[in-house]
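Here are a few notes to read alongside the model. Keep the structure open and follow each point by residue number.

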Amino acid sequence: MSEATQAGEGTGTAPAAVRTVPLSRGLSTKLLLLTIVFVLLAEVLIFLPWIASYRLSWLKERLSTAAAVSIVLVQGESTSLSRTAQNDVLMAIGAKAIAVRDGGVSRLLVVADMPPQVDEHIDLASVGMVKGMTGALDTLFFGGDRMLRVFGPVGDSDKEFELIMPDYSLRHAMLRYSRNVAFVSLLISLFTAMLVYAAIDLIMIGPIRTMTRSMLSFSEAPDDPGRIIRPAARADEIGVAERELSQMQERLQKMLSEQKHLADLGLAVSKINHDMRNILASAQLMSDRLRQVRDPTVQAFAPKLLRALDRAVSYSEGVLAYGRTQEPPPSRRRVRLYQLVEDVHGLLDIGQGIEFINAVEAAFEVDADSDQLFRVLTNLCRNSVQAMAADTESAVVRRLAVSAERMGSVSRIVVTDTGPGLPAKARENLFAAFRGSARSGGTGLGLAIAHELIRAHGGTVELVESIGGRTTFSVTIPDQPVRLDQARGSLRRPA
């Protein structure tokens, strides 16, 4: 085994030779050969009735000649012919004997050398197509040393004429005819194959070859817009394939550009995070000293500031982990949603004119990771606040409301605002990073992160409604399923 082959098998990639198809294995060569083979097969099927018809015509011609001679002999005295004349007549026809049957009486007219036996009797009046083809193949492949008795009426005569003759002349004539047919069939096959090849190469193989070259060229430099195929204005399947390939290459190029942008962004965020984590740690140490201040106002805001800094430090530490793999699995507990929504309200930068309503019941509980659910609600509420902040008209109602309800073992949190609604492009790419932003300059990461976090809980984030004056998001989180063995263990445990 060569080194190139071993390298190809070891890496799981195709060797470079596979990228170029040799002419002997190309579609054009295969099409040409298949066309020749199929036309030859069609000629073989046509050849069988042809060779049967040729055999039958040859025998009828000989019998007609014998009938003409027989009529002359019947009018005269056949015995008056010398032996030499009889042999000349039979030699001209290629027969051993000539006989005529008239009124049920058979009369031997000319005989040269009567054979001891006849191998095959052929009634020309009753030879059908199938019998004629089998007889022709039998003579063609196994004949040459047989004696035939050929008989039947000729023309409108009521007499029946017979010939006793060997079949070597018949077989020789059939072989010569078969050779001529085979030569003509080969010429027809080559001519037809070239015409079919030229037509299909122009209609199919050429465009397929162009698409193949485009795919190979695109794979070498997928970020080059010049490598995208230019589809032809065709309405058939090839045209559809070219247009789909062009659109797929454009989408792939756009996706690769976004992935590169994400990679560059991740590198930049990682560098910023390294210094941000140190700054937040210092701020956290300084904020601890605020607890020692006896000012009531400071004591009221210090816990919220500490919780915000703790979450900021936690998010900062999780940036690198997120860039390496994905979000950590949720650590689920029973959480009082009302207090969590209040924490979100305290963190939002809500200006004057925007009303925030916490419509969650004080006793409402949700089974979720509190930090991750906080991030989800913060992203949703911040998007609503930013959308409504763009309205400068004082008469416009700007309201953000968070409510919740329980449906069996499923908690449903509803975030509703009175903003202008999401544009059509944002709704089409709602949870796609860098494509689902509703405002100019936005990244769309908030909804993408919220969707990923809730999906890790086994729930969903859905856009229920988005029109001018009302936008509603629904967050659905099912409770954790209870394992039967744990439930039984808790029941058996003494109080």
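1. Start with residues 181-205. In this predicted model, the span is 100% helix and 0% strand, and its end C-alpha atoms lie 32 Å apart.

2. Now go back to residues 31-52. This part of the chain is also 100% helix and 0% strand, with 32 Å between the end C-alpha atoms. An unreviewed UniProt entry lists both 31-52 and 181-205 under "transmembrane region".

3. Five strands make an open sheet with mixed pairing, in the order 7-9-10-12-11. On average, neighbouring strands here are turned by 15° against each other, if you ignore direction.

4. Helix 8 (residues 337-347) packs on it and touches strand 7, strand 9 (399-407) and strand 10 (410-417); its direction makes about 165° with that of strand 7. Helix 9 (residues 370-389) lies across strands 7, 9, 10 and 12, and runs at about 20° to strand 10.

5. Strand 11 (residues 460-467) and strand 12 (residues 470-478) pair in the antiparallel sense over seven bridges. Look for V461 opposite V475 in strand 12, and for I467 opposite R470. Two residues sit between the strands, and G469 takes a positive phi near 100° in this hairpin. While you're there, remember that side chains in a regular strand alternate between the two faces of the sheet.

Key:
Residues numbered from 1 in each chain as written. Predicted model: local features only at pLDDT ≥ 70, side-chain atom pairs only at ≥ 80, totals over all residues. Heavy atoms only, no water. UniProt positions renumbered as here; feature names shortened; annotations may be inferred. Helix = DSSP H or I, 4+ residues; strand = E, 2+ residues; numbered from the N terminus. Pairing = 2+ DSSP bridges. Axes fitted to C-alpha atoms, helices over the stretch in contact; angles between N-to-C directions. Contact = heavy atoms within 4.5 Å.
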